[in-house]
Amino acid sequence: LCGDVDNKSLDCFGAALLVVIGMNILGFNSSCLTLSEDHAYESHLVVEDDTNNGDNKKKIAKQTTSELQTPGRRERATCEVAVPGNTKAAQAKRGREISYTFEYLKRDNITPETSWLYMAKNPVLCNNPGMVMAALVSNLNCDIDKQKSGSDNNGKPPVVSKPLYKMKRDMLWTLHDAGYMEQFPFALMELGECEEHCGSQKGMEWVDVSGLLMSDNNDATTLVLRNEKLFLDAISVSRTMYDDSQVYPYLYAGHYHKDAGRDDMSQEYRLVESLRLYAEASRVASVYRYDTKDCLQLMKHMTTVASLI
């Protein structure tokens, strides 16, 4: 979700966020920012109208709290609002239910339930102001010049803003301690990455993570830096709350161990752990069906992992 504002246009996250803000201003209180690993869209509650007899029952979007208390079966509907491009296919997607866009484009091999872009219908619902703020802060891109990072800079570290990383880190710790990131793997990962680039005393504290490890002996105390625990928390939340449908928590944790094992020879065992985590990421990715237009970002990450290995 880390994006840029180019040529005075909003990225996917910004467009979805503004739509949700507008919907709430208009009184649609159930409208909320909805996030997958690489996409943002709007979702809202609808109530099936029990007063309409027959098989074709109406689904009505409810606005106020009193309206949402009306009888009827509730479900969450989606609206695709952040589709770039001026092609006929892109225009046909905007303002539509996600399932409709798959039907319109006649993608028989892929549905919202099997799509990585929509996290197999297990998205993160930012249903309170704290989670929206966590999403907003996590989306801050601390790169100073994207043209001087990664492979564009002969493999040298990217040029980043340390003051912006520090501000982002401190704001995320405030949201973390307030409990707004307990259901938000992406925010936990971004806080962990902030600690890697701009460490704090809090991130360097040793904490017990025995309950988070997949081990037969969880009674034994296992101490790690709190920075590492953030990545383990992200994996745990993805497993328990989102049906283990996220690839990025394993990739972030794998990159953390890869960097630690490379920078300190006494930590070389971490390279083995990074390979295990990359394998876990591949396992999660393998359960989805793919369309080339929906998984470009994931392909980039997997290509990076392949080159690292």
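## Cavities, core and ring pairs

Twelve residues line the largest cavity, and S36, E37, F184, F186 and Q246 lie nearest its centre. This is a predicted model in which local features need pLDDT of at least 70 and side-chain atom pairs count only at pLDDT 80 or more, while totals for chains, interfaces and linings use all residues. Residues are numbered from 1 along each chain as its sequence is written, and side-chain values use heavy atoms, with hydrogens and water left out.

A word on terms: on a 1 Å grid over the protein atoms alone, a cavity is a set of points where a 1.4 Å probe fits but cannot get out, a pocket is an open set with protein on both sides within 12 Å along at least five of seven lines, and lining residues have an atom within 4 Å of a point. Grid points are joined across faces, edges and corners, and a volume is the space filled by probe spheres set on the points. The search of the whole structure finds two cavities of 30 Å³ or more.

| Space | Volume | Lining by class |
|---|---|---|
| Largest cavity | about 90 Å³ | nine nonpolar, two polar, one charged |
| Second largest cavity | about 40 Å³ | five nonpolar, one polar, three charged |
| Second largest pocket | about 340 Å³ | nine nonpolar, five polar, five charged |

Here Ala, Val, Leu, Ile, Met, Phe, Trp, Tyr, Cys and Pro count as nonpolar, Asp, Glu, Lys and Arg as charged, and the others, Gly among them, as polar.

Now to the rings. The structure holds five aromatic pairs, counted for Phe, Tyr and Trp (its six-membered ring) when centres lie within 6.5 Å; planes under 30 degrees apart are stacked, over 60 edge-to-face and the rest tilted. One of them joins W116 and Y248 edge-to-face, with 6.0 Å between centres and 65° between planes. W116 and Y248 are both buried. F184 and F186 have ring centres 6.4 Å apart and planes at 45°, so this pair is tilted.

F184 and Y248 meet again in the largest nonpolar core, where they are among the residues of the 55 that touch the most other members. Such a core is a set of buried Ala, Val, Leu, Ile, Met, Phe, Trp, Tyr and Cys residues joined through side-chain atoms within 4.5 Å.

Conventions:
Buried < 20%, exposed > 50% of the residue type's maximum accessible area, 1.4 Å probe, protein only.
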